[in-house]
Amino acid sequence: MKALLLAGGIGSRISRHLGGKPKCTVSLGKESLIEYTIKLLHKKGINEIALTLGYKANVIMNVLKPFEQSCNIKYYFNPFFDVTNSIASAWFAKDFFKKEDTIIMNGDVFLEESLLDNILSEQKNPVLFSDETRKETADYKFKYTNNILEKYGKELTGDDITGEYVGIAKLKANFIPVFLKNMEEMIKTQKHNVWWENILYSLSDKQPIYVQDVKGKFWAEVDYIEDYERIINFVKK
């Protein structure tokens with residue numbers, strides 16, 4: 001099992017609250033978010049971890065320097081992070097992908113340990129994760145039936161919302177070539193201003209893209225100051 005963390009974005013929606021720091025380096029008290037995530041992945045036996053970097057890459061690398069060898073961390077750089085989106089960052093890390101089960105997650109996502117356990121044991125392929133308890137306050141929304149993705153987007157309303165996207169996908173080894181092929185096609189046609197998840201979304205009319213509910217486990221993505229406050233409150237408890 002491998003893990004790729006996308007951590008190259010500026011985080012413009014919350015940056016004024018963070019003093020310009022990368023979102024994944026926010027403090028959880030005794031450690032930063034990215035330190036917590038790397039240590040948790042390593043604890044669960046994920047011994048190949050890569051990060052795609054862009055905005056203030058040196059800050060993230062300095063934070064993770066003590067873990068680089070013990071956790072086998074690799075870095076990939078997107079020099080165009082300010083004019084592209086995360087699909088470009090994933091493309092720069094394409095050499096990291098092998099025919100091996102891989103977790104892809106946004107670097108600013110906090111998840112409790114038991115949620116990672118559920119993700120690692122999930123057998124659907126490919127599968128994205130969603131929180132069905134968060135509909136009214138959802139940022140990026142999914143509509144799915146029988147665990148199969150039907151609609152996605154920030155603009156979904158009412159009955160078109162099944163849950164909020166968590167920011168994590170798990171791809172099994174046999175799906176990796178499909179993922180890479182579709183990513184290459186999108187980059188070649190200049191679709192470099194979309195999220196890495198659009199690689200999966202664009203396949204949803206060709207094959208099932210599965211969605212699994214996180215069943216009330218705690219998670220949060222640091223997009224707004226309220227998200228960060230939720231994380232801090234959880235950690236304190």
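Guide: Let us begin at the end of a helix: H1 is followed by Gly-45, whose phi is positive, near 90°. Helices here are DSSP runs of H or I with at least four residues, strands are runs of E with at least two, and both are numbered from the N terminus. Please keep in mind that this is a predicted model, in which local features need pLDDT of at least 70 and side-chain atom pairs count only at pLDDT 80 or more, while totals for chains, interfaces and linings use all residues. Residues are numbered from 1 along each chain as its sequence is written, and side-chain values use heavy atoms, with hydrogens and water left out.

Visitor: OK, and how many residues of H1 itself are buried?

Guide: Eight of the 11 residues in H1, which covers residues 33-43, are buried, so the helix is largely enclosed by the rest of the structure. Buried means under 20% relative accessible area, exposed means over 50%, and partly exposed is in between, using a 1.4 Å probe and protein chains only. The buried residues of H1 are Leu-33, Ile-34, Glu-35, Tyr-36, Thr-37, Ile-38, Leu-40 and Leu-41.

Visitor: What does Lys-44 pair with?

Guide: Lys-44 forms a salt bridge with Glu-113, where the closest N and O atoms are 2.7 Å apart, and the side chains of Lys-44 and Asp-117 meet in a salt bridge at 2.9 Å, N to O. Lys-44 lies in the loop between H1 and S2, whereas Asp-117 is in helix H4, 73 residues apart. The term salt bridge is used for a side-chain nitrogen of Lys or Arg within 4 Å of a carboxyl oxygen of Asp or Glu.

Visitor: Which residues make up the network there?

Guide: Lys-43, Lys-44, Glu-113 and Asp-117 are linked in a network of salt bridges. As for accessibility, Lys-44 is partly exposed at 25%, Glu-113 counts as partly exposed at 28%, and Asp-117 is partly exposed with a relative accessible area of 33%.

Visitor: How many salt bridges does the structure hold?

Guide: There are 15 salt bridges in the structure. One of them joins the side chains of Asp-139 and Lys-154 at 2.8 Å, N to O. Asp-139 lies in the loop between strands S6 and S7 and Lys-154 in the loop between S8 and S9, so the pair ties together parts that are 15 residues apart in sequence.

Visitor: And is Asp-139 buried or exposed?

Guide: Asp-139 is buried, with a relative accessible area of 19%, while Lys-154 is partly exposed at 35%.

Visitor: Switching to strands, which way do the residues of S1 point?

Guide: Lys-2, Leu-4 and Leu-6 point one way from S1, Ala-3, Leu-5 and Ala-7 point the other way, and all are buried. With six of its six residues buried, S1 (residues 2-7) is largely enclosed by the rest of the structure.

Visitor: What does S1 pair with?

Guide: S1 runs parallel to S2, joined by six bridges, and S1 also pairs with S4 in the parallel sense over five bridges; two strands count as paired if DSSP finds at least two bridges between them.

Visitor: Which residues touch the most other members of the largest nonpolar core?

Guide: Of its 44 residues, Leu-5, Ile-38, Leu-51, Leu-64 and Ile-168 touch the most other members. The largest share of this core, six residues, comes from H1. Apart from it lies another core of 31 residues, among them Ala-50, Tyr-140, Leu-149 and Phe-175. A nonpolar core is a set of buried Ala, Val, Leu, Ile, Met, Phe, Trp, Tyr and Cys residues joined through side-chain atoms within 4.5 Å.

Visitor: Last one, which residues are buried in H5?

Guide: In H5, Ile-176, Phe-179, Asn-182, Met-183, Met-186 and Ile-187 are buried. Seen down the axis of H5, these buried residues fall within an arc of 135°, so they line one face of the helix, the arc being that of the directions from the helix axis to the C-beta atoms. The face of H5 turned away from the buried side carries the exposed residues Lys-181 and Lys-188.
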